[in-house]
Amino acid sequence: MQTLLILVAVSVVVHNYVVGLKSYRVLDTYDNHLCNRPCQVNRPQTCYYDFELELYFALPKGCFDCPRNKTDCARPHCIAADGVSRAVYTVNRMLPGPAIHVCENDTIVVNVVNHLTNGEGTSIHWHGVLQHDSQFMDGVAMVTQCPIPIRGSFEYRFKAENAGTHFWHAHSGLQRADGLFGALVVRQPDELEPHLGIYDFDLPEHTLIVNDWLNELSINRFAHHHVAGGDNKPRSMLINEGNINRFAHHHVAGGDNKPRSMLINGKGRLQNFTHEDNTTIYTPVHVFTVSRGRRYRFRSISNGILNCPIQISIDNHTMTMIASDGNAFEPLEVETFNIFAGERFDFVLSAVMPVGNYWIRTRGLADCGVKSAHQVAILRYQGAPDQDPPLNVSWDLGNRSGKKLNLWNQRSGPDQIAVADLTSKNVHNTALLKEIPDKKVYLAMDFNSIDNYHFHDESYYPLATVQKAFKLLSPQMNHISMVLPHAPPLSQLKDIPDTSFCNADNTGSTNCSEEFCECVHRIQVDLGDTVELVVIDEGVPFNANHPMHLHGHAFHVVGMDRLGENTSLSQVKELDAQGKLPRNLRTAVLKDTVTVPDGGYAILRFHADNPGFWFFHCHIEFHVDIGMGILIQVGKVGDMPPVPKNFPKCGNWAFNGNEDIKQTEKVTCVSGASELTSASFISLSVPLILFHVLNSMN
């Protein structure tokens with residue numbers, strides 16, 4: 001009988017492990033991972049991670065009495081967020097998801113399992129990792145791979161080839177806006193670190209991820225906002241904020257897209273609760289701990305969702321900025337900096353103030369300024385009491401004066417530093433900075449007044465006939481809305497008709513300024529080209545913001561300026577022809593994400609050394625989801641990497657009469673059956689083996 005009980009127990013344990021009910025949701029964090037180690041030259045490792053994606057909830061039953069009992073908020077599976085109960089998407093029931101901390105040239109292996117019970121396909125993008133020789137791992141659904149279907153899995157395997165502060169996030173639909181994101185930090189050995197000596201510690205626990213946060217699933221807000229209507233305020237609605245014009249951005253009306261909250265490392269305070277002693281309490285904020293007299297490298301990441309530049313400051317402290325998007329620049333001491341969606345900034349904090357608690361403040365601008373969205377975390381010195389800092393928390397108090405880096409729609413000046421003013425510490429490819437590039441492309445962005453048939457039916461409710469509150473302008477590039485193809489061009493280019501592709505030079509007889517244009521928006525460059533992108537934000541209807549992210553390459557920001565409240569493609573071209581767009585061809589900083597000033601331009605240079613199809617897009621979710629992006633095809637078909645064996649396929653299918661009903665073999669559902677069969681086989685075979693062992697012992 002004892003033998004039988006042992007066999008039953010072992011069978012249950014083994015079966016639960018095999019079918020995926022193991023406890024990595026709790027344990028899969030950076031602090032206990034084998035790859036979290038001091039980095040050494042020529043000592044790479046292979047680092048394995050399991051990601052289980054689920055539809056989950058903020059303040060679920062696993063939080064028990066959080067926040068009234070603060071210790072409950074730290075329980076495994078408790079996501080407190082900002083105290084607002086709402087559905088969330090999670091990886092391993094964590095918000096943010098598991099952090100990946102590795103060394104340069106490590107191999108990262110992540111097995112992603114899609115358990116999103118709403119049936120959505122998904123994919124994971126490794127934002128900032130360039131993916132040389134691993135193009136199929138870039139994780140853009142319908143560009144580099146098919147979406148991972150429900151109950152399906154996909155193993156990402158790539159080299160952490162470029163050091164720096166990166167992050168991972170879902171690249172399907174709006175999923176990253178609801179929780180599918182986390183840190184990805186690639187460290188270097190001390191011998192290779194360009195800023196060695198200006199800080200004492202570079203610790204995983206000093207990674208800071210900030211994002212604006214809605215009080216409901218983003219798809220609900222997206223549908224309400226785009227289908228119900230958008231609010232297009234005229235420029236006379238500008239609100240004065242010192243010398244910064246803060247504008248209640250477009251698309252409000254029936255569907256408000258203005259965040260009222262933010263999170264720092266998945267935590268925050270917004271919804272208030274009443275304690276049993278009738279005091280007001282909030283969900284806990286994140287605490288960063290330092291020791292007085294030491295210098296710490298902080299790595300900040302923006303998983304920004306909407307039109308929400310975020311201003312970051314630390315009470316009573318300055319910050320020495322040293323890197324952005326994984327690329328080092330000459331140190332710059334500032335009181336505050338802005339971070340745009342998709343950007344990363346590293347800074348050194350010197351813990352020289354009296355022992356105590358200090359607020360780390362984040363303050364939303366643009367759309368996030370409409371409802372004064374802000375958030376705080378705590379900088380706590382060792383020895384300080386476990387309590388909040390003495391100063392108040394408010395949106396206004398986050399408006400720190402002094403020197404600022406990374407401007408939002410301002411021109412640079414003595415205390416206003418644009419990223420184009422930074423001096424790179426790793427200008428390594430002079431071919432990038434030659435006087436005349438091999439390929440120059442002008443990309444003009446704006447919100448265009450056009451009958452986009454997805455939101456304005458030309459017959460029933462055209463743009464011209466609906467009330468202002470229901471007008472929806474289309475964010476486009478060169479008057480074209482990007483639509484993803486029905487199959488990934490990297491792996492299934494032959495399945496996509498040539499007529500699906502277009503760009504500003506081949507729209508045929510269609511005038512895209514007057515008629516809605518939608519296609520797989522593509523430009524082509526040769527492998528090895530030095531490419532210059534002159535990206536223009538014409539800025540006619542709104543004082544907006546477009547942080548542009550390039551996959552597969554980093555670029556030099558060789559020029560940037562705001563020309564006025566608005567500009568035009570023709571004006572920028574004319575200025576360029578007259579030599580009036582200055583370029584820094586010697587020390588321009590390297591980045592992979594940059595915001596383009598409204599009514600201005602940014603000039604980006606990159607070396608097209610990575611063959612493939614690479615997405616260049618606005619990192620504001622509601623903008624890219626309705627077309628603000630373009631594919632850059634690097635190389636010809638013969639330059640493309642070979643498709644991995646048995647790589648998943650997807651695409652269109654149409655019934656072809658009797659040909660399709662002739663069956664040569666019985667078709668069964670293989671994937672689910674094989675998973676169940678293998679799990680059952682292992683679950684049964686292990687106890688049987690143990691049974692024989694125990695009998696032999698008896």
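Mentor: Accessible areas here come from the Shrake-Rupley method with a 1.4 Å probe, and for residues only the protein chains shown count as cover. This is a predicted model, in which local features need pLDDT of at least 70 and side-chain atom pairs count only at pLDDT 80 or more, while totals for chains, interfaces and linings use all residues. Residues are numbered from 1 along each chain as its sequence is written, and side-chain values use heavy atoms, with hydrogens and water left out.

Let us begin with the whole. The protein exposes about 29300 Å², and carbon and sulfur atoms supply 52% of that area. Of its 698 residues, 56% count as buried, where buried means under 20% relative accessible area, exposed over 50%, and partly exposed in between. Its secondary structure comes to eight helices and 38 strands, both being DSSP runs numbered from the N terminus (helices H or I, at least four residues; strands E, at least two). Among contacts (heavy atoms within 4.5 Å) that join residues at least 6 apart in sequence, 79% link residues at least 24 apart.

Against that background, the structure holds eight disulfides, each a pair of cysteine sulfur atoms within 2.5 Å. One of them joins Cys63 to Cys78, with an S to S distance of 2.0 Å, and this link is right-handed, with 105° about the S-S bond. Cys63 and Cys78 both sit in the loop between β1 (46–57) and β2 (87–91), 15 residues apart. Cys63 is buried, with a relative accessible area of 1%, and Cys78 is buried as well, at 12%.

In another disulfide, the sulfur atoms of Cys502 and Cys519 are 1.9 Å apart. The value about the S-S bond is -65° here, and the link of Cys502 and Cys519 is left-handed. Because Cys502 belongs to strand β29 (residues 501–502) and Cys519 to strand β30 (residues 518–525), the pair ties together parts that are 17 residues apart in sequence. Both Cys502 and Cys519 are buried.

A further disulfide is formed by Cys512 and Cys517, whose sulfur atoms lie 2.0 Å apart. The torsion about the S-S bond of Cys512 and Cys517 is about -85°, so this disulfide is left-handed. Cys512 counts as buried because its relative accessible area is 10%, and Cys517 is likewise buried, at 7%. One more cysteine to look at is Cys618, which counts as buried at 0% relative accessibility.

Seven strands form an open sheet of mixed pairing, in the order β15-β23-β22-β17-β20-β24-β25, and two strands pair if DSSP finds at least two bridges between them. The edge strands of this sheet are β15 (287–290) and β25 (416–417), each of which pairs on one side only. Within the sheet, strand β17 (residues 310–314) and strand β20 (residues 336–339) pair in the antiparallel sense over three bridges, and Ile310 has Ile339 of β20 as its bridge partner.

Key:
Buried < 20%, exposed > 50% of the residue type's maximum accessible area, 1.4 Å probe, protein only.
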